[in-house]
Amino acid sequence: MLNCKSVLITASFPLFGSVLIISSLTPTSLVPILQISPDALFCFIFIFLIRRPQNVPLVSILFVSLLADFLWHRPLGLSTMTTILASEVVRWAISAKERISMLEEFIYVTLILVLTTICQEFLKFLTLIPSLELNHVIYYILFTLLVYILTTLCIRVIFIS
Amino acid sequence: MSLEQNKAWKAVRRFFFILTLLSLIFLFALWKVENQRLERFRYALIDEILPNTNFLLKPLKISYQIVSDFKSYAQLYQQNQDLKKELQKMIGWKESALQLEQKNAHLSILNNVKLDPTINWVTGQIIADSGSPFNQSVLLNIGSNDGVRDGSATMSGLGLVGRIAGVGRKSSRVVLITDVSSSIPVIVKKANQKGLVIGDNSPYPTLNFLGNSRTIMPGMRVVTSGDGKVFPPELLIGTIVLNNSGKLKVSLAAKLKEISYLRVLFKNNDQSLDNSGILILE
């Protein structure tokens, strides 16, 4: 029974990830809303990974990230590469401890988000892909972190209550 | 699981991780070098996935519509007042337009003017957004089967919206004017100054590379110049506005917030671009 539950959770990661990727393609308004757009996929991957690392295999993260690269017209492989690397760092960090506190989680995620974004922007700069202005990058990081923290708090409140 | 099995499993995992990383580096390099082939593959994938997942997008689109309708109802009184004022102005404009139309027809006959009949268009529905705030692009439900070609201009009813950058069989991607990779050669009417409208991921793209920016005033109309032979000349883009720091920006004529359909323009004897997305990279 436990095994069946585990399989279901493992399968739900790529499924919900795909739904998230496709649903964010909904054509709503064409007006740029850069300042208030967090990376929901980043939050989804790392919230899931930190809570249930055994149910988020490398293949699932690879699948979800590559699908996002293809459907969101991102440079192919670039953000998948950084996400895979970051996910392995997180896996290694949480395997070393029995349980991580919320503060530790936020510190890890902040560091990872900042480093992956810098890495991506640097590689874009090197390969002559149009990259973002600094203030846009800062907004992106701040809003993604805000959404991450709010979602994490909501999850905690729901599960505790 | 025994210790040896555990060790073997870890080694296999590590090997798979390194293999994945190397494959991704290879994929990125390949995308950068052989962009065209991978972009074609991307469009084939989108052609397969998006039309079949439309049922996922529809409820979200309807919910968004409900929310925006609700917002619109809340501002009903103000909108009504604005529309009344606008209508008064429009009646005046209509009269002027009718007179000008008659005058134009008369002069055209007198001068034996032959208008360019080669511009054609096909209208498509927006089926998907870019999904990322860093790419200002949309996906249309028309592709090479409908005659869409790379580089074609796309218009709403009011003004230029963007250009085609990537065509699949049943879908095509429109890079919006607001995208950071978009730069369009334009001419500022009245001042007769040529320049470039450059997207910066904000609702108001920047007007740059002008010969003499001192002659430019807010409110002047900006149209395509036709330089570079990507866009036909005289397509309306918008009017000039100044931002807080005095920088020249363009307020787009196309109402990006309300667009659901786009018109793709192409000439019958159009010279299409060979490389998909080459405009972005260069």
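A: Happy to! Buried area is the accessible area, taken with a 1.4 Å probe, that two parts lose on being put together, summed over both. Keep in mind that this is a predicted model.

Q: Okay, what area is buried between chain A and chain B?
A: About 4500 Å² is buried between chain A and chain B, and carbon and sulfur atoms give 76% of that.

Q: And how many residues does each chain bring to the contact?
A: Chain A brings 44 residues and chain B brings 49 residues.

Q: How many salt bridges cross the interface of chain A and chain B?
A: The rule finds one salt bridge there. Glu88(A) pairs with Arg13(B), with their closest N and O atoms 3.1 Å apart. Arg13(B) sits in helix 1 (residues 3–33) of chain B, while Glu88(A) sits in helix 4 of chain A.

Q: Is Glu88(A) buried or exposed?
A: Glu88(A) counts as buried because its relative accessibility is 15%, and buried means under 20%. Arg13(B), at 24%, counts as partly exposed.

Q: Which residue does Glu121(A) form a salt bridge with?
A: Glu121(A) pairs with Lys124(A), the closest N and O atoms being 3.5 Å apart. Both lie in helix 5 (residues 102–126) of chain A, three residues apart, or about one turn of the helix.

Technical notes: Residues are numbered from 1 along each chain as its sequence is written. Chains are lettered from A and ligands numbered from 1 in the order in which they are written. This is a predicted model: local features need pLDDT of at least 70, side-chain atom pairs count only at pLDDT 80 or more; totals for chains, interfaces and linings use all residues. Side-chain values use heavy atoms; hydrogens and water are left out. Contact means heavy atoms within 4.5 Å. A salt bridge is a side-chain nitrogen of Lys or Arg within 4 Å of a carboxyl oxygen of Asp or Glu. Helices (H or I, at least four residues) and strands (E, at least two) are DSSP runs, numbered from the N terminus. Buried means under 20% relative accessible area, exposed over 50%, partly exposed in between (1.4 Å probe, protein chains only).
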